[in-house]
Amino acid sequence: MMLPCHNNLSVTDERSPRLPRSRCRRWRQSRTGTAVVAVAALLISTTAWLSLVFSGTTTRCWRRFKDWEGSPHSLSRSLPWSSSHIRRSIPPSPRFELPPASPRNRSLSERGNEKKELLLDDIVFGIAGSSHLWKQRKELVRLWWRQLEMRGHVWLEEQVPREEADDSLPPLMVSEDISRFRYTNPTGHPSGLRISRILTESFRLRLPNVRWFVLGDDDTVFNVDNLVAVLSKYDPSEMMYIGTPSESHSANAYFSHSMAFGGGGIAISYPLAEALSNFHDDCIERYPKLYGSDDRLHACITELGVPLTRELGFHQWDIRGNAHGLLSSHPIAPFVSIHHVEYVDPFFPGLSSLDSLKLFTKAMRIEPRSFLQRSICYDRVRHLTFSVSLGYVVQVFPNIVLPRELERSELTYIAWNKLGHRHEFDHDARDSIKSVCKKPVMFFLKDIIKDGNTTLGSYARAKAKDDLKRKVFCFPRSPPLQYVQNIQVLGYPLAKNWHLVPRRLCCKVNNTGDELLRLTVGQCEKGAFSSFTDFM
């Protein structure tokens, strides 16, 4: 029992005992202190509880508990008081839809049932032309086009007179109007827009059984047999972008080192063409400042993430002048194309440009695989070097020239921008030989025939401007093979898949007389080293 305490000690009641004043004061102070402590404890506990509830760790634990509660393993689903409408739903994590299995992901047995040999009519050609130049350019297309075996069209900006049409050539098509597209390049021409859409317009024709689209110009010459062989290496069910950059370093630096130049030919697989057709018109609107058609096509293909697959047999030929240096040093790869043939000198002396191309393509048709392939051999006795470019030229050097030197292209030409130094080109090049006494004697192709499974080419000695100078300044050493006027080259056929593991051809010198020399050229036998090591 607690006793009462009064502030006024003068008022007393004898019947109820009272505490002394000092004890009452201590009792009141104790009760106040207890209340303060209780309030402080309440505040501290409330603060601690709030911080615990709203902390990140508690939130994560709460979410995990809710996830577990909503899972099939949770006991709450079977409890009578569990209610789904009061549980907060957690959005599912995003999932990426896997693309359908591509042929590369299928088993080899499944792919074997689908794979078939690539034929020439599996390819659709899209040839960029000009109605103003078609009358003369169609003669260049005639050199390589096979009407009964090939499919494709020549795309012009407008109709040409009926008399210029030719049933033996690709059908002529007029490109769609391009006036709706922006073109802001100050140095180019809007025709680049039209030409960049040839692939899309060709695809929209919906021709059946197409596996590849090949783009080129009306002054491009194709070796279509080698084109089929090269494309056969690749899977046409994948997105493929095949070609080669320019020979000119300046052109590659301006456009791109990873861009295929259309004059040399561009091969596009059907899936890539299909993808481009879906957005190409929108894509080129994003690039109004680009110069031409090739860079627009490359820009759109880059948006798809498809890189350039380089094939050394495609040739843009951004050169002028004498093309001998390139023709006589072709890479060890199937020759596929050349371009700008009207801007270089005639290939063979004494012939016009068109007649030279006719002889050139004749040799190409007779033996397309080995055409322009290199071979180097040596005459041990006379210390001569023979450099053969099948279907074009035999060069006879008056001394021993090592293969590494001959593999480099001699700078007999200049670049499209008229620069001629070695650093302008993105391939191995060497300066022309200055000394008249070390220059080779040239034997150019005169004719070629098929003899069973071999070819027999006749190469005639060319008259050089410095023949008299050579006789005077190189005395007493006379020019090599002074009395030989013709060289016969017997060429053996190459294996169908030689280009899969390419190697420079081997040759052998066979003397047949003072005025005639014969060389035998073919694939090196297994275990053979080379013509040079045999010479050593």
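Author: Contact, or touching, means heavy atoms within 4.5 Å. This is a predicted model, in which local features need pLDDT of at least 70, side-chain atom pairs count only at pLDDT 80 or more, and totals for chains, interfaces and linings use all residues. Residues are numbered from 1 along each chain as its sequence is written, and side-chain values use heavy atoms, with hydrogens and water left out.

Reader: How many helices and strands does the secondary structure of the chain come to?
Author: Helices (H or I, at least four residues) and strands (E, at least two) are DSSP runs, numbered from the N terminus. On that basis the secondary structure of the chain comes to 15 helices and 21 strands.

Reader: What percentage of the residues in the chain is buried?
Author: Buried means under 20% relative accessible area, exposed over 50%, and partly exposed in between (1.4 Å probe, protein chains only). The chain has 536 residues. The buried share of them is 45%.

Reader: Among contacts in the chain between residues at least 6 apart in sequence, what share joins residues at least 24 apart?
Author: The contacts considered are those between residues at least 6 apart in sequence. Of these, the share that joins residues at least 24 apart is 67%.

Reader: What share of the accessible surface of the chain belongs to carbon and sulfur atoms?
Author: The accessible surface of the chain (Shrake-Rupley method, 1.4 Å probe) comes to about 30100 Å². The part that belongs to carbon and sulfur atoms is 56%.

Reader: At what angle do helix α9 and helix α10 pack?
Author: Helix α9 covers residues 270-284 and helix α10 covers residues 293-304. Their axes, lines fitted to C-alpha atoms over the stretch in contact, are 10 Å apart. The angle, taken from 0 to 180 degrees between N-to-C directions, is about 115°.

Reader: How is α9 placed relative to α10: roughly parallel or roughly perpendicular?
Author: Angles under 35 degrees count as roughly parallel, over 145 as roughly antiparallel, 65 to 115 as roughly perpendicular and the rest as oblique. The packing angle of α9 and α10 is about 115°. That makes the placement of α9 relative to α10 roughly perpendicular.

Reader: Which residues of α10 make the contact with α9?
Author: From α9 come L272, A275, L276, F279, H280, C283 and I284. Their partners in α10 are R296, L297, C300, I301, E303 and L304.

Reader: How many residues of the contact of α9 with α10 are nonpolar?
Author: Asp, Glu, Lys and Arg count as charged, Ala, Val, Leu, Ile, Met, Phe, Trp, Tyr, Cys and Pro as nonpolar, and the others, Gly among them, as polar. The contact of α9 with α10 includes 2 charged residues and 1 polar residue. The number of nonpolar residues is 10.

Reader: Is H340 buried or exposed?
Author: H340 lies in the loop between β10 (337-338) and α12 (353-366). Its phi is near 55°, a positive value in a residue other than glycine. With a relative accessibility of 9%, H340 counts as buried.

Reader: Is K418 buried or exposed?
Author: K418 lies in the loop between β15 (413-415) and β16 (429-430). K418 is not a glycine, yet has a positive phi of about 70°. Its relative accessibility is 60%, so K418 counts as exposed.

Reader: Which residues does Y343 touch, not counting residues up to four places away in sequence?
Author: Y343 is found in the loop between β10 and α12, and is partly exposed with a relative accessible area of 40%. Y343 and W317, 26 residues apart in sequence, are 9.6 Å apart C-alpha to C-alpha. Leaving out residues up to four places away in sequence, Y343 touches R137, I319, R320, G321 and W416.

Reader: What distance separates the C-alpha atoms of N486 and S458?
Author: N486 is found in strand β19 (residues 486-491) and is partly exposed, at 29% relative accessible area. Not counting residues up to four places away in sequence, N486 touches F443, S458, Y459, A460, E515, L516 and L517. N486 and S458 are 28 residues apart along the chain, and the separation of their C-alpha atoms is 6.8 Å.
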